[in-house]
Amino acid sequence: MDLVRSLHCTVLSQCRSMSQEIKVPYEFVKLDMQAGEHLQPEYLAINPVGKVPAIVDGDFKLWESGAILLYLADKYSKSTLSAEERGVFSQWVLFANATLSPGIFQEASREREMPRLLTPLNEIFSKQPFLLGNEFTVADVAVGSVLNYIPMILKLDLSSYPAVLNYMKQLSERPAFQKSIAGTT
C-alpha cells in the first residue's frame, strides 16, 4: 500500500480523519505553531502561506484541508467518479469549510447562520444516515468534522437538531474519528 510521506496538520484535523478512514498509512508531522515552525523555509516550501494542513505524497505537495480531502478521496477511491459525483463531493467539502465552519464558529454571524445551516442538515439526517445516503463519504469527513468540533470548542445547545446530534454521535463512534479527532488510540 502507498504511504503518504507526511501530513502536516493540527491535532484536530479532517485530513488525519480521512487518512484513517481510507486506511492509508502516513507520517503525522505536528508543527509547533507557537515556535513558528510553520514559518520556517522547510515548511514554506510545502505551503508558501505557512498554514496547516499540508500533505506531501511522494513529490506532490498540497495544502488546504478541502483540497487534501478531495485528493485523498480521488487517489484512494475504489471507484471512478463521474464529474457530477465529484461535483457533489466538492460541494459538501467546500460547504463545510467555507460556509458551515464560519457560520458556526464566527460569533458575529452564529445566531443568524446556525438555524439556516443546521435545519437543512437536520432534515437530511432525519431521512438518511449520511449526507449522500447510506454510504459514508469524504463529504461526511468534512461536514462531520466541523459539526463534531462544536462541542469541543463551543457550548452550544443543539437540541433543536436531534438528527444532527445523532449524526455527530454516529461519526464520533467511528474508529477513524477516535484515532484522529478524539485523540484516542
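How many cavities of 30 Å³ or more does the count give?

Guide: This is a predicted model, in which local features need pLDDT of at least 70 and side-chain atom pairs pLDDT 80 or more, while totals for chains, interfaces and linings use all residues. Residues are numbered from 1 along each chain as its sequence is written, and side-chain values use heavy atoms, without hydrogens or water.

The count comes to one cavity of 30 Å³ or more (a set of points, on a 1 Å grid over the protein atoms alone, where a 1.4 Å probe fits but cannot get out; lining residues have an atom within 4 Å of a point). The volume of the largest cavity is about 60 Å³ (the space filled by probe spheres set on points joined across faces, edges and corners). Its lining is made up of Ser17, Glu21, Phe136, Asp140, Val141, Gly144, Ser145, Asn148, Leu171, Arg174 and Phe177. By class, these residues divide into four nonpolar, four polar and three charged (Ala, Val, Leu, Ile, Met, Phe, Trp, Tyr, Cys and Pro are nonpolar, Asp, Glu, Lys and Arg charged, the others, Gly among them, polar). H1 and H6 each give at least two residues to this lining (helices are DSSP runs of H or I, at least four residues, numbered from the N terminus). The largest share, five residues, is that of H6.

Two of the lining residues, Phe136 and Arg174, also meet in a further contact. Arginine 174 sits over the face of phenylalanine 136, 3.7 Å from the ring centre (CZ of Arg or NZ of Lys within 6 Å of the centre and within 35 degrees of the ring normal).

Phe136 leads on to the largest pocket, since Phe136 is among the residues that lie nearest the centre of that pocket, together with Ser77, Lys78, Glu135 and Thr137 (a pocket is an open set with protein on both sides within 12 Å along at least five of seven lines). Twenty residues line this pocket, and two or more of them come from each of helix H1 (14–21), helix H3 (65–76) and helix H6 (138–153). The pocket volume is about 600 Å³. H3 gives the largest share of the lining, three residues, and the lining as a whole holds 13 nonpolar, three polar and four charged residues.

Tyrosine 76 belongs to helix H3. The residue is buried, at a relative accessible area of 17% (buried means under 20% with a 1.4 Å probe, protein chains only).

Tryptophan 92 and phenylalanine 95 form an edge-to-face pair, because their ring centres are 5.3 Å apart and their planes stand at 85°. These two residues are three apart in helix H4 (residues 83–105), which means that about one helical turn separates them. Both tryptophan 92 and phenylalanine 95 are buried. Phenylalanine 125 and tyrosine 167, by contrast, are stacked, because their ring centres are 3.7 Å apart and their planes are at 10°. Phenylalanine 125 is in helix H5 (residues 107–127) and tyrosine 167 in helix H7 (residues 162–172), so the pair ties together parts 42 residues apart in sequence. Phenylalanine 125 is buried at a relative accessible area of 8%, and tyrosine 167 is buried at 1%.

Note on methods: Rings of Phe, Tyr and Trp (its six-membered ring) pair if their centres lie within 6.5 Å; planes under 30 degrees apart count as stacked, over 60 as edge-to-face and the rest as tilted. Buried means under 20% relative accessible area, exposed over 50%, partly exposed in between (1.4 Å probe, protein chains only).
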